[in-house]
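Here is a short report on the structure shown below.

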Amino acid sequence: MNFKEITIKEIGGATSFTRTSIYNYFQTKEEIFLALLEQEYELWVAELQSIMDKSESLDRDSFADKIAGSLEHRRQLLKIMSMNMYDIEENSRMERLTEFKTVYGKSLHVFDALLAKFFPAMEAQERQKFIYCFFPFVYGIYPYTVVTDKQRGAMKEARVDYTYFSIYEITRNCLIRLLPDAG
């Protein structure tokens, strides 16, 4: 369903929770999506941490492979991020938004630690620039990699010659272009 069409009633119907029970935890549907996004970020952070803990060193290609693979596993994360994050955040209580931003912040810190470990020549400012280039890119991956038949048909009718890539392919390509040659 389109995000705008989803209601608390429909969420209750698709889960074992009544609307009343949902309202005990969440005031808006946006808070539900924010909680789902928080959960997905926690899983991604755990996977990023695992990459760091299990690898002594990674070159640019290996690093790009592992990070691209981690995002390939996080389709739900990418799908929710492709929704209107402005509305999701705007229509959530401060406490819920703070909980989400805490987990989001963890992802930034772990990613910075990954870069520092595997690309020690990158200074803090370079790593920050990398992160603020890569993370906005991640927010836009889903619509470029998961298309509906309607979207594909419209591209064909509009005569737009578009090559579709997987989440892994588009992420790996971006990382290879952003990362320095030597790790």
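Glu31 sits in helix H3. Helices here are DSSP runs (H or I, at least four residues), numbered from the N terminus, and strands would be E runs of at least two. This is a predicted model, in which local features need pLDDT of at least 70, side-chain atom pairs count only at pLDDT 80 or more, and totals for chains, interfaces and linings use all residues. Residues are numbered from 1 along each chain as its sequence is written, and side-chain values use heavy atoms, with hydrogens and water left out.

Is Glu31 buried or exposed? Glu31 is buried, at 1% relative accessibility. The cut-offs are under 20% relative accessible area for buried, over 50% for exposed, and partly exposed in between (1.4 Å probe, protein chains only). Beyond its neighbours within four places in sequence, Glu31 contacts Tyr25, Phe26, Asn91, Ser92, Arg93 and Arg96. Contact means heavy atoms within 4.5 Å. A network of salt bridges links Glu31, Arg93, Glu95, Arg96 and Glu99. A salt bridge needs a side-chain nitrogen of Lys or Arg within 4 Å of a carboxyl oxygen of Asp or Glu.

How many salt bridges does the structure hold? The structure holds 12. One of them joins Arg74 and Glu40, with the closest N and O atoms 3.0 Å apart. This pair links distant parts of the chain: Arg74 is in the loop between helix H4 (60–72) and helix H5 (75–81), while Glu40 is in helix H3 (residues 29–54), 34 residues apart. Both partners are buried: Arg74 has 12% relative accessibility, and Glu40 has 11%. Arg74 also touches Leu43, Trp44 and Glu47, not counting residues up to four places away in sequence.

Lys106 pairs with Glu42, and their closest N and O atoms are 3.4 Å apart. Here Lys106 in helix H7 (residues 94–118) is linked to Glu42 in helix H3, 64 residues apart. Lys106 is partly exposed, at 36% relative accessible area. Glu42 is partly exposed too, at 31%. Asp61 and Arg172 form another salt bridge, 3.5 Å from N to O. Asp61 lies in H4 and Arg172 in helix H11 (residues 167–178), so the pair ties together parts that are 111 residues apart in sequence. Asp61 is partly exposed at 37%, as is Arg172 at 23%.

## The nonpolar core

In soluble globular proteins, nonpolar side chains tend to be buried together. The largest nonpolar core of this model has 50 residues, of which Phe63, Phe111, Leu114 and Phe134 touch the most other members. Such a core is a set of buried Ala, Val, Leu, Ile, Met, Phe, Trp, Tyr and Cys residues joined through side-chain atoms within 4.5 Å.

Which helices each supply at least two residues of this core? They are H3, H4, H5, helix H6 (85–90), H7, helix H8 (124–139), helix H9 (141–145) and H11. Leu114 contacts Leu48, Ile51, Met52, Phe63, Ile67 and Phe119, leaving aside its neighbours within four places in sequence.

## Helix H11

H11 has 12 residues, which should span 16 Å at 1.5 Å a residue; its end C-alpha atoms are 17 Å apart, which agrees. The expected span is 1.5 Å times one less than the number of residues.

The buried residues in H11 include Ile167, Ile170, Thr171, Cys174, Leu175 and Ile176. Among the elements that cover the buried residues of H11 are H4, H5, H8 and H9.

## Cysteines without a disulfide

A disulfide is a covalent bond between the sulfur atoms of two cysteines. The structure holds zero disulfides, counted as pairs of cysteine sulfur atoms within 2.5 Å. Cys133 is in no disulfide, and its nearest cysteine sulfur, that of Cys174, is 6.0 Å away. Cys174 is likewise in no disulfide. Cys133 is partly exposed, at 38% relative accessible area, whereas Cys174 is buried, at 14%.

## An exposed loop residue

Where is Ser57 found? Ser57 is in the loop between H3 and H4. Ser57 is exposed, with a relative accessible area of 58%. Ser57 and Phe119 lie 62 residues apart in sequence, with their C-alpha atoms 8.9 Å apart in space.
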